[in-house]
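Hi,

Here is the structure I promised to pass on to you. Have a look at it first, and then read my notes below.

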Amino acid sequence: MSLAEAGAKAEVEVPEQGVPQQPQQVGEEVPPTVVVDDVHLVYRVHGASSGKGSATSALSRLALRKKATGVTEVHAVRGVSFVAYKGQAIGLIGRNGSGKSTLLRCIAGLLPPTTGKIYSDGQPSLLGVNAAMMNDLTGERNIILGCLAMGMTQREAEANYEQIATFSGLNNYNGKDFTKLPMRTYSSGMAARLRFSIAAARSHDVLMIDEALATGDREFQLKSEARIRELRKEAGTVFLVSHSMKSIRDTCDRAIWLDQGVIKMDGPMEEVVNAYEGK
Ligand SMILES: Nc1ncnc2c1ncn2[C@@H]1O[C@H](COP(=O)(O)OP(=O)(O)OP(=O)(O)O)[C@@H](O)[C@H]1O
């Protein structure tokens, strides 16, 4: 099924939650980039209630042919449906544990939905997670590796190297060139800067950011916000998970409010954020 057909299908079948927030553009059909169709995600946590999750207890259980005990299910995403369109920047908001990160990981293809379907145009990239980083390698080697992992050729990776190192600021951080040092010597904020810089070097069909703006210092946050705005213009769709309503207001034009794994509200950013803030 093509994405356009999937979009049409989702719009027809799931009207109650999948309120398609299609951008109003006269005479122009805006293509859908992501269709989420009645997605549920249930985590199964083994050994949760009995505390007997060890290999020894599993082995004795297998020997005695007993069923696994203490499996707890966490229903993190419950029947979520929506359609995202090209050019949109969508803020995912909601209380701690409402299912935002889980939903992003499903869209990125890192977690298969327990039921339901996700269709996407191109490979959605979850900023930070998709970058293949090796702690024992230098920042320099990680930049090249990250570029290759995003599908660049060796030549493209080398051509992009300088720009990425400069954007991250790690080639001259407190007067030191950290790109020559192994990543294990970086603070978590410095590692986040590098991951963001690698991912932001290329435009993505669907770019997802999970609170990346909260990492890094104020100066880097401003730089990354500006780059996100550029990436938005360059095409695709941006998803941003954040507890900072300022970041959502600065970056997004649409917001989806998740509550206990269910969409509580989906619409223009200002309306949804105001409702979330109780205004
Ligand atoms: N790996 C996991 N195993 C089991 N349960 C999990 C796992 N990850 C998340 N959960 C549970 O799934 C639910 C949704 O978690 P999720 O991290 O998606 O929420 P969130 O909205 O991103 O929260 P936050 O704003 O705190 O980051 C929570 O109840 C959480 O406890």
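**Starting with V206**

Leaving aside its neighbours within four places in sequence, V206 is in contact with T33, V34, S120, G122, P124, G236 and T237. (Two residues are in contact if their C-beta atoms, placed from the backbone, lie within 7 Å.) You'll find V206 in strand β6. Helices (H or I, at least four residues) and strands (E, at least two) are DSSP runs, numbered from the N terminus. V206 is buried because 22 other C-beta atoms lie within 10 Å. The cut-offs go like this: 20 or more other C-beta atoms within 10 Å of a residue's own make it buried, 12 or fewer make it exposed, and in between it is partly exposed, with C-beta atoms placed from the backbone. From V206 to V30 it is 176 residues along the sequence and 15 Å in space, C-alpha to C-alpha.

Before you go on, two things about the numbers. Residues are numbered from 1 along each chain as its sequence is written. This is a predicted model, where local features need pLDDT of at least 70 and side-chain atom pairs count only at pLDDT 80 or more, while totals for chains, interfaces and linings use all residues.

**The chain as a whole**

The protein chain has 9 helices and 9 strands. Of its 279 residues, 41% are buried. If you take the contacts between residues at least 6 apart in sequence, 72% of them join residues at least 24 apart.

**Around the ligand**

Which residues surround the ligand? They are Y43, V45, V74, A76, G94, N96, G97, S98, G99, K100, S101 and T102. Here the test for being near is a C-beta atom, placed from the backbone, within 6 Å of the molecule or strand. Two or more residues of this shell come from each of β1 (32-45), β2 (72-85) and α3. Helix α3 gives the most, with 3 residues. Sorted by class, the shell has 4 nonpolar, 7 polar and 1 charged residues. (Ala, Val, Leu, Ile, Met, Phe, Trp, Tyr, Cys and Pro count as nonpolar, Asp, Glu, Lys and Arg as charged, and the others, Gly among them, as polar.)

Helix α3 itself covers residues 100-107 and is mostly covered, with 6 of its 8 residues buried. Those buried residues are K100, T102, L103, L104, C106 and I107. Just after α3 comes G109, with a positive phi of about 85°.

**Two helix pairs**

Two packed helices are described by the angle between their axes and the distance between the axes. Axes are lines fitted to C-alpha atoms, for helices over the stretch in contact, and angles run from 0 to 180 degrees between N-to-C directions.

Take α4 (residues 139-149) and α5: their axes come within 9 Å and cross at roughly 125°. The two are therefore oblique to each other. (Under 35 degrees counts as roughly parallel, over 145 as roughly antiparallel, 65 to 115 as roughly perpendicular, and the rest as oblique.) On the α4 side, I143, I144, C147 and L148 meet Q154, E156, A157, N160, Y161, I164 and A165 of α5. That contact has 8 nonpolar, 2 polar and 1 charged residues.

Next, α5 (residues 154-168) packs against α6 (residues 188-199) at an angle of about 140°, with the axes 9 Å apart. So α5 and α6 are oblique to each other too. Here I164, F167 and S168 of α5 meet R193, L194, S197 and I198 of α6. By class, this contact has 4 nonpolar, 2 polar and 1 charged residues.

**A few single residues**

G216 sits in the loop between β6 (206-210) and α7 (218-234). It counts as buried because it has 21 C-beta neighbours inside 10 Å. Not counting residues up to four places away in sequence, G216 touches G189, A192, R193, Q221 and S224.

D38, in strand β1, is not a glycine but has a positive phi of about 50°. With 17 other C-beta atoms within 10 Å, D38 is partly exposed.

Is N174 buried or exposed? N174 lies in the loop between α5 and α6, and with 6 C-beta neighbours inside 10 Å it counts as exposed. N174 also has a positive phi of about 50° although it is not a glycine.

Happy browsing!
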